[in-house]
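Thank you all for coming; I would like to take a few minutes for one chain, going from its overall layout to some individual residues. Please have the model open while I talk.

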Amino acid sequence: MSEANPFEKDEPEGLKTPWRASVLTLYPDMFPGPLGTSLAGRALENEIWSLEAVHIRDFAEGKHRNVDDTPAGGGAGMVLRPDVVSRAIDHVTGEGDTRPRILLSPRGKALTQEKVHQLKEAGGVILLCGRFEGVDQRVIDGRELEEISIGDYILSGGELGAMVLMDAVVRLLPGVMGKIASGEEESFESGLLEYPHYTRPTEWEGREIPEILTSGHHGKIAEWRQKKAIELTKERRPDLYESWLAKRES
Ligand code: SAH
């Protein structure tokens, strides 16, 4: 078996039906940003996926092209207007477009690796990036937006969340990662956190690579890795550990 070469690519299969992301934002210049480099950037160039960043302000009307207004009922901040946002959503939604429409939102369901796989299978996404206090509830309901959060903290806008989501999906697309296998043992894919990694030099600052890993004994190595993955998960993420156990026992 040859050594894994991260630059060796599988045939891109997504060319005919590339994964398509439409991002609605008040800051289209932020895109592709970090997704224009490295794996995702190369995949973008190779048309394995596509990205359109659409300026919400283009769908505003009137002299001032207002996209937001003060919250009904009072309070601080501004809220994105439903009429403007819906026009932007409708503009990127093609005939028979079945892509999930997602609002990045701290109130959403947490993004998980399982969800990332689902979004990959969906063939693309429409992502609405909130700003200020958020988005008028009526457009969330009226356009059936699914709210997704990238974690329990507040960002200043949905753009970084959108990038996180797209990065997580794009690396799973056929032809993006060097070896399909490199995605399979990752944290969460098995329900466990990943085991620790080592590489050369064999001794560094008095620390050695665990002997088993240099033994060449593949069975024992796999066993050791599984054991480490279980230990780590139990210690750091008891929640994940419990669901892994439950799944294994069922
Ligand atoms: N007032 C809102 C927070 C608004 S933050 C609240 O308390 O729920 C402004 C925008 O940033 C949001 O509309 C959302 O699009 C984005 N955002 C903030 N935190 C996020 C998170 N954890 N995950 C995804 N998007 C987030």
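What we have here is a predicted model, in which local features need pLDDT of at least 70 and side-chain atom pairs count only at pLDDT 80 or more, while totals for chains, interfaces and linings use all residues. Residues are numbered from 1 along each chain as its sequence is written, and side-chain values use heavy atoms, with hydrogens and water left out.

Let me start with the chain as a whole. Its secondary structure comes to 7 helices and 10 strands, where helices (H or I, at least four residues) and strands (E, at least two) are DSSP runs numbered from the N terminus. The C-alpha trace spans about 70 × 40 × 40 Å along its principal axes. The domain assignment gives domain 1 as 19-170 and domain 2 as 203-249, with bounds that come from an automatic or database domain assignment, and the C-alpha centres of these two domains lie 38 Å apart.

Of the 250 residues, 38% are buried; buried means under 20% relative accessible area, exposed means over 50%, and partly exposed is in between, with a 1.4 Å probe and protein chains only. The accessible surface of the chain comes to about 15,400 Å², and 50% of that belongs to carbon and sulfur atoms; such areas come from the Shrake-Rupley method with a 1.4 Å probe, and for residues only the protein chains shown count as cover. Among contacts between residues at least 6 apart in sequence, 76% join residues at least 24 apart, a contact being heavy atoms within 4.5 Å.

Now to the annotated site. UniProt, in an unreviewed entry, places the feature "binding site" at Gly 130, Ile 150, Gly 151, Asp 152, Tyr 153, Ile 154 and Leu 155; the positions are given in the numbering used here, feature names are shortened, and annotations may be inferred rather than shown by experiment.

Where does Ile 150 lie? Ile 150 is in the loop between β8 (146-149) and α5 (159-170), and the loop between β8 and α5 is also the place of Tyr 153 and of Ile 154. Ile 150 is partly exposed at a relative accessible area of 24%, Tyr 153 is partly exposed at 44%, and Ile 154 is exposed at 70%. If we leave aside neighbours within four places in sequence, Ile 150 is in contact with Leu 104, Leu 111, Leu 155, Gly 161 and Val 164.

Tyr 153, Leu 155 and Leu 160 together make a nonpolar surface patch of about 290 Å². Patches are made of residues with over 30% relative accessible area and no salt bridge, with like charges joined within 9 Å and nonpolar side chains (Val, Leu, Ile, Met, Phe, Trp, Tyr) within 5 Å.

Next, the salt bridges. A search of the whole structure finds 14 of them, a salt bridge being a side-chain nitrogen of Lys or Arg within 4 Å of a carboxyl oxygen of Asp or Glu. Glu 147 forms one with Arg 107, and the closest N and O atoms are 3.3 Å apart. Because Glu 147 lies in strand β8 and Arg 107 in strand β5 (residues 101-110), the pair ties together parts that are 40 residues apart in sequence. Glu 147 is buried at 18% relative accessibility, whereas Arg 107 is exposed at 59%.

Arg 99 and Asp 97 form another salt bridge, with the closest N and O atoms 2.8 Å apart.

Finally, the backbone. Which peptide bond is cis, with omega near -5 degrees? That is the bond from Phe 31 to Pro 32, and Pro 32 has its place in the loop between β1 (19-25) and α1 (38-45). A cis peptide bond also joins Arg 200 and Pro 201, with omega about 0 degrees, and Pro 201 is in the loop between α5 and β9 (203-204).

Phe 188, which is not a glycine, has a positive phi of about 80 degrees; Phe 188 lies in the loop between α5 and β9. Glu 205, also not a glycine, has a positive phi of about 50 degrees, and Glu 205 is exposed at 64%.
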